Amino acid sequence: MRRRGVAVAAAVIAVVTACAPQPQARPEQAAPTTTTSTATTTTTTTPPTALPGPGGTTIPVFQQPYAFGTPQQHVPPTVNGLVPVVRRIETDRPYVFITIDDGAVRHPAAAELMRKSGVEPTLFLNSKHVDGHADYFKEFDGLARVHAHTANHPDLTGTSYQFQHQEICGNAELLRAQLGARPKLFRPPFGNFDVTTRRAAADCGFTALVLWTAAVNDGVVQFQAGARLNAGDIVLMHFRQTFVEDFLAFLQRCKADGLTPVVLDDFLADPGAAL
């Protein structure tokens with residue numbers, strides 16, 4: 001009787017277990033979806049209008065209004081074997097030109113001023129100042145354009161064709177040999193010249209004789225006419241001890257008169273150059 005009761009209890013347990021609901025399998029969870037959003041951020045950098053310069057100075061900065069080295073105007077033609085005389089550039093754009101003569105004082109801050117200001121001057125150099133000091137003037141490669149100013153800086157007026165030809169051609173050849181390119185523009189010392197000068201310059205392969213309409217001396221811009229710089233003016237300064245003061249005076253005057261310094265060579269391009 002006891003054994004039969006145990007068997008009945010076991011059977012009841014088996015039935016209960018069989019009828020109990022079976023646990024349901026958990027559905028697989030989908031892998032989490034990650035959405036990546038890429039945002040485009042545009043950063044606008046405003047070009048500086050001034051930069052710190054040598055000796056605590058401030059250098060006005062100019063942006064190129066066109067790609068320097070791109071011809072803008074052609075040089076006037078050589079007529080009857082005489083190079084044209086250029087005193088200013090005829091332009092309706094607010095452009096001005098800086099030229100620097102001689103090379104007597106090799107100022108250590110010159111390249112920095114050119115680089116930081118964004119201004120590319122035209123240099124008219126004498127052989128006597130370049131010869132033996134070519135390394136200094138090579139620092140201006142990419143910062144300025146080099147042209148001729150005679151070998152020894154004499155007053156050319158009234159001198160012989162042979163003398164002028166030697167001074168002008170000899171200067172061009174030395175600049176080519178020591179600085180790598182033969183110049184195309186010529187400036188007579190003191191701005192003095194005669195018909196013989198123009199003929200000798202043409203025979204030496206020059207395309208223009210370049211003068212000026214304003215000058216900078218001892219940190220002051222001096223005008224041949226009026227009291228301001230005008231579009232098309234060619235400004236003269238020199239490699240002197242006052243280079244920093246003179247160059248900054250020119251830059252500040254340009255800002256005050258609403259003008260941008262550009263490259264003289266671009267407005268005296270060879271006749272065959274595409275504009």
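This is a predicted model: local features need pLDDT of at least 70, side-chain atom pairs count only at pLDDT 80 or more; totals for chains, interfaces and linings use all residues.

Colleague: Okay, cysteines then. How many disulfides are there?
Modeller: The count is 1 disulfide. Cys-169 and Cys-204 form it, with their sulfur atoms 1.8 Å apart.

Colleague: Remind me, what is a disulfide?
Modeller: A covalent bond between the sulfur atoms of two cysteines.

Colleague: Where do Cys-169 and Cys-204 lie?
Modeller: Cys-169 is in helix α5, residues 161-179. Cys-204 is in the loop between α6 (195-203) and β8 (208-210). So the pair ties together parts that are 35 residues apart in sequence.

Colleague: Is the disulfide left-handed or right-handed?
Modeller: Left-handed, because the torsion about the S-S bond of Cys-169 and Cys-204 is about -105 degrees.

Colleague: And are Cys-169 and Cys-204 buried or exposed?
Modeller: Cys-169 has 14% relative accessibility, so it counts as buried. Cys-204 is buried too, with a relative accessible area of 4%. The cut-off for buried is under 20%.

Colleague: What about Cys-254, buried or exposed?
Modeller: Buried, at a relative accessible area of 0%.

Colleague: Switching to charges. How many salt bridges does a search of the whole structure find?
Modeller: The search finds 8 salt bridges. The idea is simple: side chains of opposite charge can pair when their charged atoms come close.

Colleague: Give me one. What does Arg-88 form a salt bridge with?
Modeller: With Asp-233. Their closest N and O atoms are 3.8 Å apart. This pair links distant parts of the chain, 145 residues apart. Arg-88 is in the loop between β3 (85-86) and β4 (95-102), and Asp-233 is in the loop between β10 (220-223) and β11 (234-238).

Colleague: What about Arg-187? Which residue does Arg-187 form a salt bridge with?
Modeller: Asp-101, with the closest N and O atoms 2.9 Å apart. Arg-187 sits in the loop between β7 (185-186) and α6, while Asp-101 is in strand β4. They are 86 residues apart, so to speak, as distant parts of the chain linked by the pair. Arg-187 is buried, with a relative accessible area of 0%. Asp-101 is buried as well, at 2%.

Colleague: One more. What does Arg-145 meet in a salt bridge?
Modeller: The side chain of Glu-120, at 3.0 Å from N to O. Arg-145 is in strand β6, residues 145-148. Glu-120 is in the loop between α2 (110-117) and β5 (122-125), and the two are 25 residues apart. Arg-145 is partly exposed, with a relative accessible area of 24%. Glu-120 counts as buried, at 13% relative accessibility.

Colleague: Which residues do salt bridges that share partners join into one network?
Modeller: Arg-88, Glu-90 and Asp-233.

Colleague: Now α6. Which residues in α6 are buried?
Modeller: Thr-197, Ala-200 and Ala-201. Seen down the axis of α6, the buried residues fall within an arc of 100 degrees, so they line one face of the helix.

Colleague: Why would residues three or four places apart point the same way?
Modeller: Because an α-helix has 3.6 residues a turn.

Colleague: What covers the buried residues of α6?
Modeller: The cover includes α5, β7 and β8.

Colleague: And what is at the start of α6?
Modeller: A side-chain oxygen of Asp-194 reaches to within 3.1 Å of the backbone nitrogen of Thr-196. After α6 comes Gly-205, whose phi is positive, near 95 degrees.

Colleague: Last topic, the largest nonpolar core. Which residues touch the most other members?
Modeller: Met-114 and Phe-140, out of 70 residues in that core. Helix α7, residues 243-257, gives the largest share of this core, with 8 residues.

Colleague: What does Phe-140 touch?
Modeller: Leaving out residues up to four places away in sequence, Phe-140 touches Ala-110, Ala-111, Met-114, Leu-123 and Phe-239.

Colleague: And His-107, where does His-107 lie?
Modeller: In the loop between β4 and α2. His-107 counts as buried, at 13% relative accessibility. Among the residues His-107 touches are Tyr-136, Arg-240 and Phe-243.

Notes. Residues are numbered from 1 along each chain as its sequence is written. Side-chain values use heavy atoms; hydrogens and water are left out. A disulfide is a pair of cysteine sulfur atoms within 2.5 Å. Helices (H or I, at least four residues) and strands (E, at least two) are DSSP runs, numbered from the N terminus. Buried means under 20% relative accessible area, exposed over 50%, partly exposed in between (1.4 Å probe, protein chains only). A salt bridge is a side-chain nitrogen of Lys or Arg within 4 Å of a carboxyl oxygen of Asp or Glu. The arc is that of the directions from the helix axis to the C-beta atoms. Contact means heavy atoms within 4.5 Å. A polar contact is a pair of N or O atoms within 3.5 Å; within protein, one must be able to donate a hydrogen and the other to accept it, and residues adjacent in sequence count only if both atoms are side-chain atoms. A nonpolar core is a set of buried Ala, Val, Leu, Ile, Met, Phe, Trp, Tyr and Cys residues joined through side-chain atoms within 4.5 Å.
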